[in-house]
Amino acid sequence: MSKERKLFLIVAAVLIVGSFLITTQMENRFYYKAAYVVLQYVVLATAWNILGGYTGYVNFGTAAFFAMGAYTAVALIKTWKPPLYVLLVTGGLVSGLLGLGIGYLTLRLKGVFFSIATLALAVVLQMIISNWSYVGGGAGTAILKPRSVPLFSNYDEFLFFVMAALAVVSVAVAWLIEKSWIGRGMAAIRDNEEAAECMGVPILKLKLFATTVSGALMGIAGAPFSYFVVYIEPTSAFHLDYAVNSLAMPMIGGTTTWLGPLVGAVLVGTAQQIATVTLSSEMNLLIVGSLLVGFVVFAPDGLVGLFGKIRARLAGREA
Amino acid sequence: MLSIEFLLNALIAGLLLGGFYAAMSAGLSLSFGLLDVVNIAHPAFIIFGSYLTFYVNEHFGFDPILAGLVFAVPSYFLGVAVYRIYYNCFEKTGAESLRGLVFFFGLFFLIEVILIITYGVDYRLVRAFYIGKSTSIGSVGIAYRLFVPFLVGGMLAAVLYLFLTKTFFGRAIMGVAQDSLAVQLMGVDPIRIKTVAFGIGIATAVIAGSLLIIIGPVEPTIGREYIGRVFAVTVLGGLGSMTGTLVGGLILGVAESFTSSFFGPSWALAVSFGILLICLAVRPSGLFGR
Amino acid sequence: MGRIIRHVILGFALLLAVSIAFTPAAHAAKEVKIGFSMALTGPLGPAGKAALLAMQIWRDDVNAKGGLLGRKVKLVYYDDQTKPANVPGIYAKLLDVDKVDFIVSGYGTNLIVPALPIAMERGMVFMGLFGLDANAKFKYNNYFQIMPAGPDPIVDWSRGFFELAAKQKPRPKTIALLSADAEFARNAVAGARRNAKKFGFKIVYDKRYPFPGTTDFTPILRAVKAANPDLFYVGSYPGGSVGIVKAAHEIKLEPKLFGGGMVGLQYTAIQMNLGKLLNGITDYWFWAPEKTLKFPGIEAFLAKYQKEAPKQKLDPLGYYLPPFAYAYVQLLGNAIEATKSFDQAKVGAYIRNNTHSTVVGDVKFGKNGEWATSRTFQVQLQNIESNKMSEFSKAGKMVVVYPEEFKSGNFIYPYAKGK
């Protein structure tokens, strides 16, 4: 294990323990709920980026993976109400399998065709869920969250801690991928798939790996959703917001490194949370719209790229 | 229940709807199908057209179709401006694929916000003498509310088809789509051609918007419901083929109508997108693909 | 190594910035703060904005009289964008950061339910605005819902429609059910399904259509026509209601009774567009300018509302939601005044145990905080001659035909005769 990797893992562990300690100190529930949403976007953006940023396949169907995780959990809650970790694991499994499925699509579909297929997949799945009355169908269903949970003073704090841990884990996964041969192989696919194949990169295996991991992480992020909103219905679980945000956040942060989606999700997610409770109602859309247009036009490599450029210029001046 | 009459009516309803879908997708077929500009904001431009139509219909009693045609002209220049920005920021630097997509997504939201701020979030409708009336041929009923958009949609596709195949400019657009370099060597500026084509695409979106508001009420964010459908039509028929777009629209319309009539409307969308998924998996180039 | 530390520092700096941004401004003088989330954008935005205006009118009315127990009322509200996922955060903010004294709900079941557990945990009185059986799972005793659906909301909702039908001679035999695939419409139709069984009507068509996402209703209504029902009960939202009414006329679908749970026919813009096409349709209704519905204060309220609404591009007449949005805060305010207390338990008990006079009439709550008796009107649209707005502000156009107690005109049967 390299020194860098060891340090990274230590930092990750410290962050998880830290977020637990926060829950013992802070009372104000609002911060937990707001932070939950932001952290959820950290997971989604990071997961999206593993496929979209590293291999260059743009997934428009984030909402489908997220909602499959959420609805797997709903189905389980309706049958035997298992503990949350079971929901996380099964939600991840189901969405991971779905990811594996779309992985095979990449055999035939490149570029924007792949994106359209993921969009169509989301519509089809939403229709299926809408017609499945066991999980509430189109009418939706209310989910009672557990009254209490050991070690935490209430369930909101527990959900926050879970999502914080998931965020740390998913960023760590992205980091590990990026620093390994897998990440370099993915980058080769992104740059030129044919060339990568000629060079002996196992492109199918890598693509399947990327779609599966990315899908599974999105599903895991969706699993606790029904406990968070208490009332789940297909239109909100499959909301276009998830697809747009999970794509916009890495774009704004920068798509080539693990840091980009993290920075993007924290900044944009926080801005959205603040906008919801401060600015006038249309502002939220306006923020996302103008950030998207502004960043892709003026800072095409995202914030991370922008910082890199500024630093390079400063370094140049010093020299 | 399963009579010939019923079947025929379902077919006609599907074809009428399909013609309208083709009108919605014609512009996208130009920009995305021929020029590889993935204009995901296309439905937003359609809704934008609906609101322009609503405004002049409400205040001056303009006929919606006429309004759509009139507004198509300034919208052409709007399209030109959008493409200029797109070209300078993305295509020129060869970064169009992902970032261009995000750019159009952002544009989508900006158009929605502009509509919300100027018109409010309420449903808007138009009035015209043909809305609410219908005729029948034998036992087949035809509502003018759907027949007019079908007719205009069909004409739009036909005009575009003739334009692309018979005029110099149209052929140049096809040329750019096939081999940009060759066209350049022949002394035509491909960027200028693409600008014109994109402008025409936006102009048709605005016309389609006037058709949409004839069929039913419109609110600022309703465009999201059509992202999937317009792309489905464009891909289904085959990229870059106007005939394909028309056929794709009709297939989607008939599929939705048949599912609604025979199995229940709750599966209609799933069936049409299922068709798209299968089409993508089996024949990604579409039915009439180049 | 240094890089990673720098990133961690950067992260904490961001967190700090965020928490500063969220820190509330210093409190103003002693106000009574009433907090809520409201759909100001998204599908429910139009209605939500009208509701907000009604609540602001109430605030101004109360403050003109000196406030509640001598304290001025302040409304603290955030836009939930019609997204349930935004609601938990908003109520946590209202309670923990803004420290509001009372909370009321946003508009619509989907946006009420996510806030209910929060109200329960804190033991807050929670007034609901148009939730259909939102409290069914929670059974929270301090939840009170203003929509007059009744003690068994899902079934009571459509009971009037069926009682009307059952009285007609010859007695209708068959019914078709159509619903939009979303919360309210599906529940309304589920209730209608139970009523159809209870009243002994045979269900000959029973389907859902995707919402949103349905452009044309012609094929759906053709299938209904092929089933040839006597009654046609529809649960739909504004966009769909317009499409269904138009398509029904185009294909000459003429069941003997048509309507039931169509949202949107109560909205002025849609009424003005449909005009004469509305004649003969029987639909659920909450208020109309009929002589039997002159509750105390409603006309004064509507006069204020109608003065302001055009400026904000809201429903110009405001008969549907605004009176109830006024009433649910009015009721809360009256309870505070009556108990002379800001104590949640006391106010809750008072609301639970008394009859309240509001602009929407006398309200008494029963099981699960729903109205103790149903007062959902069935209104038949009659004698509409034009598309002008003045047409819909007159009496005799939206005729209350159920219940007997509020009846304001004769019911025309079958539908084709009233058309």
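Guide: In this predicted model, two strands are said to pair when DSSP finds at least two bridges between them. With that criterion, seven strands of chain C form an open sheet in the order β7-β6-β8-β9-β10-β13-β14, and the pairing in this sheet is mixed.

Visitor: What makes β7 and β14 of chain C the edge strands?

Guide: Each of the two, β7 (202-209) and β14 (398-402) of chain C, pairs on one side only, and they stand at the two ends of the order β7-β6-β8-β9-β10-β13-β14. Neighbouring strands of this sheet are turned against each other by 25° on average, with direction ignored.

Visitor: How do you know that β6(C) and β7(C) pair, and in which sense do they run?

Guide: Strand β6 (residues 174-180) of chain C is joined to β7(C) over seven bridges, in the parallel sense; the criterion asks for at least two bridges, so the two strands count as paired. One of the bridge partners can be named: A176(C) has Y205(C) as its partner in β7(C). Helix α8 (residues 218-227) of chain C packs on this sheet, where it touches β6, β7 and β8 (231-236) of chain C, and its direction makes about 175° with that of β7(C).

Visitor: What is the pairing in the five-strand sheet of chain C, and which strands lie at its edges?

Guide: That sheet, also open, has the order β2-β1-β3-β4-β5 (chain C), and its pairing is parallel. Its edge strands are β2 (72-79) and β5 (143-145) of chain C, each of which pairs on one side only, while the twist from one strand to the next averages 20°.

Visitor: Turning to chain B, why is α1(B) described by a particular orientation relative to α8(B)?

Guide: Helix α1(B) and helix α8 (residues 190-215) of chain B pack at an angle of about 165°, with their axes 8 Å apart. Angles over 145 degrees count as roughly antiparallel, which makes α1(B) roughly antiparallel to α8(B). The crossing in which α1(B) passes α8(B) is left-handed. The contact between these helices has 15 nonpolar, four polar and no charged residues; including F20(B), A23(B) and M24(B) on the α1(B) side, and A197(B), F198(B) and I200(B) on the α8(B) side.

Visitor: What word describes the orientation of α1(B) relative to α9(B), and why?

Guide: The axes of α1(B) and helix α9 (residues 224-237) of chain B come within 8 Å and cross at roughly 70°. This value falls in the range of 65 to 115 degrees that counts as roughly perpendicular, and the two helices are therefore roughly perpendicular to each other. Here α1(B) passes α9(B) in a right-handed crossing. Residues of α1(B) that meet α9(B) include Y21(B), F32(B) and G33(B), and their counterparts in α9(B) include Y226(B), R229(B) and T234(B). By class, this contact has eight nonpolar, four polar and one charged residues.

Visitor: Which element gives the most to the side of chain B that touches chain A?

Guide: The contact joins 34 residues of chain B to 34 residues of chain A, and α4(B) gives the most to the side of chain B, with 15 residues. Helices α4 (96-119), α9 and α11 of chain B each supply at least two residues of that side, which by class has 26 nonpolar, five polar and three charged residues.

Visitor: How many residues does the contact between chain B and chain C take, and which element has the largest share on the side of chain B?

Guide: The contact takes 32 residues from chain B and 33 residues from chain C. On the side of chain B the largest share, five residues, comes from α1(B), and the classes there are 17 nonpolar, 11 polar and four charged residues.

Visitor: What confidence does the predictor attach to the complex and to chain C?

Guide: The complex is given an ipTM of 0.86 and a pTM of 0.87. Chain C has a mean pLDDT of 89, with 93% of its residues reaching 70 or more, although over residues 19-28 of chain C the pLDDT is below 50, and this stretch has four contacts in the model beyond near neighbours in sequence. Chain A has a mean pLDDT of 88, with 97% of its residues at 70 or more.

Key:
Residues are numbered from 1 along each chain as its sequence is written. Chains are lettered from A and ligands numbered from 1 in the order in which they are written. This is a predicted model: local features need pLDDT of at least 70, side-chain atom pairs count only at pLDDT 80 or more; totals for chains, interfaces and linings use all residues. Two residues are in contact if their C-beta atoms, placed from the backbone, lie within 7 Å. Helices (H or I, at least four residues) and strands (E, at least two) are DSSP runs, numbered from the N terminus. Ala, Val, Leu, Ile, Met, Phe, Trp, Tyr, Cys and Pro count as nonpolar, Asp, Glu, Lys and Arg as charged, and the others, Gly among them, as polar. pLDDT is the predictor's confidence in each residue, from 0 to 100. Axes are lines fitted to C-alpha atoms, for helices over the stretch in contact, and angles run from 0 to 180 degrees between N-to-C directions. Angles under 35 degrees count as roughly parallel, over 145 as roughly antiparallel, 65 to 115 as roughly perpendicular and the rest as oblique. A crossing is left-handed if the near helix is turned anticlockwise from the far one by less than a right angle, and right-handed if clockwise.
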